[in-house]
Amino acid sequence: MPAYFALATSVGLLAALDTWLFFGPLATTFVAGLVWISFIAWGCHFHSGGGTKGMTTAIVCMSFGALVGMVSVMFANNVLGGLDTALGLGIAVGLGAAVICLASKIPLLATIPASVYGFASIAGPMVLRGDAPEAAILPTVGAIVIGGVFGIVSEYLANALTKK
């Protein structure tokens with residue numbers, strides 16, 4: 001089939017599977033309900049060039065961003081805890097964003113947008129599930145890894161379905 005339809009078929013089928021996993025078999029695990037993080041990592045795989053490099057970039061940079069996000073919230077809650085909440089969070093997030101940019105000098109962390117996706121993703125388990133920052137990191141990284149794998153699998157499946 002044409003590449004356009006092959007990709008749509010692959011992504012559509014695997015998106016259904018990814019969603020089913022997070023709300024079915026994984027619903028009682030530490031990644032329960034975090035399918036949106038998986039989808040972000042999946043998209044990040046493609047925007048980072050696809051293939052092994054895209055998957056690696058998505059997983060490494062998003063996980064790094066999530067770690068920076070966790071530390072930023074902990075910094076806001078503890079060191080800056082005496083400040084107005086919005087001010088403390090603003091300062092901590094600004095510092096975290098700066099750290100992500102500075103870390104991009106390291107080749108493995110050079111894709112700043114991917115790190116920002118992870119930085120933002122860790123907020124979900126904290127806000128929606130009430131996870132403490134240190135409790136949110138493993139579920140976030142777990143969902144990132146699942147999404148990165150879905151990214152490369154969807155790419156391989158689309159290539160297999162494409163008429164040569």
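## Helix packing, core and ring pairs in a predicted model

G24 is found in the loop between α1 and α2, and the structure that holds this residue is a predicted model. With a relative accessible area of 31%, G24 is partly exposed, and its C-alpha atom is separated by 18 Å from that of G12, which lies twelve residues away along the chain.

**Packing of α1 against α2**

- The axes of α1 and α2 come within 10 Å and cross at roughly 150 degrees; because angles over 145 degrees count as roughly antiparallel, the two helices are described in that way.
- The crossing of α1 and α2 is right-handed, and the contact is made on the α1 side by L7, V11, L14, A15, D18, T19, F22 and F23, which meet V35, S38, F39, W42 and F46 of α2.

**Packing of α1 against α7**

- Helix α1, which covers residues 3–23, packs with α7 at an angle of about 150 degrees, and the axes of the two helices are 8 Å apart.
- α1 and α7 are therefore roughly antiparallel to each other, and α1 passes α7 in a right-handed crossing.
- From α1, the residues in this contact are A6, L7, T9, S10, V11, L14, L17, D18, L21 and F22, while α7 contributes A143, I146, F150, V153, S154, L157, A158 and L161.

**The nonpolar core**

- In soluble globular proteins, nonpolar side chains tend to be buried together.
- The largest nonpolar core in this model has 29 residues, and those with the most contacts inside it are F22, F64, I122 and I144.
- At least two residues of this core come from each of α2, α3 (51–77), α4 (85–103), α5 (112–121) and α7, and the largest share, ten residues, is supplied by α3.
- Leaving aside residues up to four places away in sequence, I122 touches A66, G69, M70, P133, A136, I137 and T140.
- T140, which lies in helix α7, counts as buried at 0% relative accessibility.
- Under that same exclusion of residues up to four places away in sequence, T140 touches L34, I37, A66, S121, I122 and P125.

**Aromatic pairs**

- The structure holds three aromatic pairs, one of which is formed by Y4 and F5 and is edge-to-face, with 5.4 Å centre to centre and 75 degrees between the planes.
- Within this pair, Y4 counts as exposed at 67% relative accessibility, whereas F5 is partly exposed, with a relative accessible area of 49%.
- The rings of W42 and F150 have their centres 5.4 Å apart and their planes at 35 degrees, so this pair is tilted.
- Because W42 lies in helix α2 (residues 35–47) and F150 in helix α7 (residues 133–161), the pair ties together parts that are 108 residues apart in sequence.
- W42 is buried, with a relative accessible area of 5%, and F150 also counts as buried, at 8% relative accessibility.
- Ring pairs link F39, W42 and F150 into a cluster; F39 and W42 also take part in the contact of α2 with α1, and F150 takes part in the contact of α7 with α1.

Methods:
Residues numbered from 1 in each chain as written. Predicted model: local features only at pLDDT ≥ 70, side-chain atom pairs only at ≥ 80, totals over all residues. Heavy atoms only, no water. Phe/Tyr/Trp six-rings, centres within 6.5 Å; stacked < 30°, edge-to-face > 60°. Buried < 20%, exposed > 50% of the residue type's maximum accessible area, 1.4 Å probe, protein only. Helix = DSSP H or I, 4+ residues; strand = E, 2+ residues; numbered from the N terminus. Core = buried A, V, L, I, M, F, W, Y, C linked by side-chain atoms within 4.5 Å. Contact = heavy atoms within 4.5 Å. Axes fitted to C-alpha atoms, helices over the stretch in contact; angles between N-to-C directions. Parallel < 35°, antiparallel > 145°, perpendicular 65-115°, else oblique. Left-handed = near helix turned anticlockwise from the far one by under 90°.
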